[in-house]
Amino acid sequence: MKIIKTDELLNLINNLGKEMDIWAPVGDSFERVPSLKTVEIPQGTTHFSAKEIFFPKEQTLLTYKREDGNFELDSVPLPDAKGVIFGLRSCDLVAIAEMDEFFTGRTYTDVYYQKLREGMLLFGVACKQAAPTCFCNWFDPDVPVNPGVADVYLYPLENYLLATSTTERGEKMLSSFPDADEESLEKLERFKLESIASLPEKQETDGLADRIYELFDDKQFWQGTFDRCLGCGICTFVCPTCHCFDIQEEIINRVGRRYRLWDSCQFSLFTLEASGLNPRPTRFERMRQRFMDKLSYSYKEFGKYQCVGCGRCVVMCPANIDIREVIAKSCTVSRGGG
Amino acid sequence: MNSENPYLPLSSELVDLWFETDDRQIKSFVVELPDSKRFDYKPGQFCQLSLLGVGEAPFGIASSPDEKHLLFTVNRIGTLTSALHELEKGTEIGIRGPLGNWYPVEKMKGHSVVIVGGGYAFTTLRSLFLYIASPKRRGDYNDITIVYGAREPGLLLYRDEFDRWSKREDVSVELTIDKAYEGWTRHIGFVPAVLEKVAPSSKGAYAVVCGPPIMIKFTLPVLEKLGFPPERIYTSLEMRMKCGIGKCGRCNIGEKYICYDGPVFSFEELKGLNADF
Ligand SMILES: Cc1cc2nc3c(=O)[nH]c(=O)nc-3n(C[C@H](O)[C@H](O)[C@H](O)COP(=O)(O)OP(=O)(O)OC[C@H]3O[C@@H](n4cnc5c(N)ncnc54)[C@H](O)[C@@H]3O)c2cc1C
Ligand code: SF4
Ligand code: FES
């Protein structure tokens, strides 16, 4: 554990900024900033997560030229970006670890994701105080103070910060700073306790995956949740672990490209087949799919919930659909009941 | 498969194509890859075929790995499939694959295999049949039975080949059409009924069923009656796909991605899944 003063941290990041982009929470998302001016970040999370830095809303997969009806494939434009992302919350670091596993593991490496992810240095910041919609502790009690996959992870104490790293490149950046003394380590322990205490009472998530799975056919259970859904898909766009995309094609001025763009399981076209068959024809099936995927399928398939408790979908849903209620309600109904 | 970038199609040549059915809705395409060594596949796997400027879609591989070229049989139904139907010999098309899992040809060794197909869903079943019935592997399997049907004779796929296969002594080929038709001398009736009549033995046997949902629905009880347990009945599933490599997230049934964990599943595996339909 190292000690680092506020202006030293700003210098460290702004120096990195001479060779790479600096990303920081600005307004409702992470934005590129010319320089970092403050290490203070708002409580809780930004409305949009940092996922779009590695997994852009729209991204070219390949390009080609069209000449006399023939096509010539150009060399593939792999994205190339270097940056430092400041101000990631721990829930987002958990989500990034899941995205890493999903995109770069499982037989096929998504080189577009990999390329952008590798180019980014992650600076996480521990939560002093959870926001009202935070519930990361339901999945793991220590989340708000966990360094996760951050290169550098910061604990903002009074007028200085403690810093730790989980990667070699993070360690290198911190090597010249002094080790934390006993007093600051004591302060850190208090910080951690206060942080964890600021979170809501934990709902039982042991066995959640099976519980939710069994509620699949229980229409009564989903009532009041599903019949309010507008199908707008904002929950999936703000979710830090949602990774669904569409692949499209366009030709402009003889230059063509195949590109991907964010898609959402909340849209009817998502699963519509050429024959006209749609396995999820109404908003009910699509709403249910999201909760199944977040709270059950992901755990069954990967051993991890694709919900990290960041609360973004709770904040952003125009119909006030609340994933916390789904979890809480599942604890109160017995197997197959409701 | 491009080992560096799974989204990049290999360029391949369309060396031959023909109408497969009399209604001219289904065409077969013979595709030649520049370097055949990069393409090892098993019966049941699929590929993403693409045309620059149009798009990409998944198709089961209809050829057997023993054949020199790849074969695809495509029903004209939407944007890409219509564009494919317009192509001429010699055109270059993009191909990504082989993708997905395959029929359990290893587990089937030493057992009988019953292949049940309907309509244009015989594509990967052709691959399976040619694979297990090839002279070099025929001895590995016991009885091989095909029950295949379409609405009318002109809608059956691979008719010349079926004529040849029907003459073989070491396989049983049972063809059927829905209603009587001039000049048709083989079975008449729906696939499930013909299957029940033919009644292949289920002793240690595997069944593989592909066809329209309604055919599958009525075939399963027949197989059950014949004594096939769900763990020895296989099928190949379809869901709308984009990436084909388990990343774009659209083809799941319950926790399984059809492109990545499938498309081949036993009915035992499907039984426990939360299916939306
Ligand atoms: C594993 C698998 C194997 C298949 N094998 C064959 C085959 O051997 N022969 C054959 O004729 N058809 C096959 N299909 C169905 C075929 O993929 C669709 O008919 C085709 O995608 C329609 O594309 P389109 O562009 O013409 O239609 P559009 O309606 O214009 O579709 C637009 C896009 O949506 C996706 N899409 C639409 N329908 C389907 C669908 N049913 N399945 C998957 N993606 C879809 C594709 O990406 C497609 O390009 C198979 C499907 C799967 C999943
Ligand atoms: S969900 Fe947890 S880690 Fe995320 S902002 Fe809230 S308290 Fe911090
Ligand atoms: S088609 Fe993309 S996940 Fe299956």
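Ala, Val, Leu, Ile, Met, Phe, Trp, Tyr, Cys and Pro count here as nonpolar, Asp, Glu, Lys and Arg as charged, and the others, Gly among them, as polar. The model shown in these views is predicted.

**View 1. Ligand 1 lies between chains A and B.** The shell around ligand 1 has 22 residues, and the closest are B:Pro58, B:Thr73, B:Asn75, B:Thr79 and B:Thr81. By class, this shell holds 10 nonpolar, 7 polar and 5 charged residues.

View 2. A polar backbone atom of B:Gly78 lies 3.2 Å from an oxygen atom of the ligand. In the side chain of B:Arg240, an N or O atom is 3.3 Å from an oxygen atom of ligand 1. The protein buries 88% of the 820 Å² that ligand 1 exposes when taken alone.

**View 3. Strand E4, strand E5 and helix H1 of chain B each give two or more residues to the shell around ligand 1.** These elements span residues 55-60 (E4), 70-75 (E5) and 79-85 (H1). The most residues come from E4(B), which gives 5 to the shell.

Key: Residues numbered from 1 in each chain as written. Chains lettered and ligands numbered in written order. Predicted model: local features only at pLDDT ≥ 70, side-chain atom pairs only at ≥ 80, totals over all residues. Heavy atoms only, no water. Near = heavy atom within 4 Å. Polar contact = N/O pair within 3.5 Å; in protein donor to acceptor, adjacent residues only side chain to side chain. Areas by Shrake-Rupley, 256 points an atom, 1.4 Å probe, with all protein chains shown as cover. Helix = DSSP H or I, 4+ residues; strand = E, 2+ residues; numbered from the N terminus.
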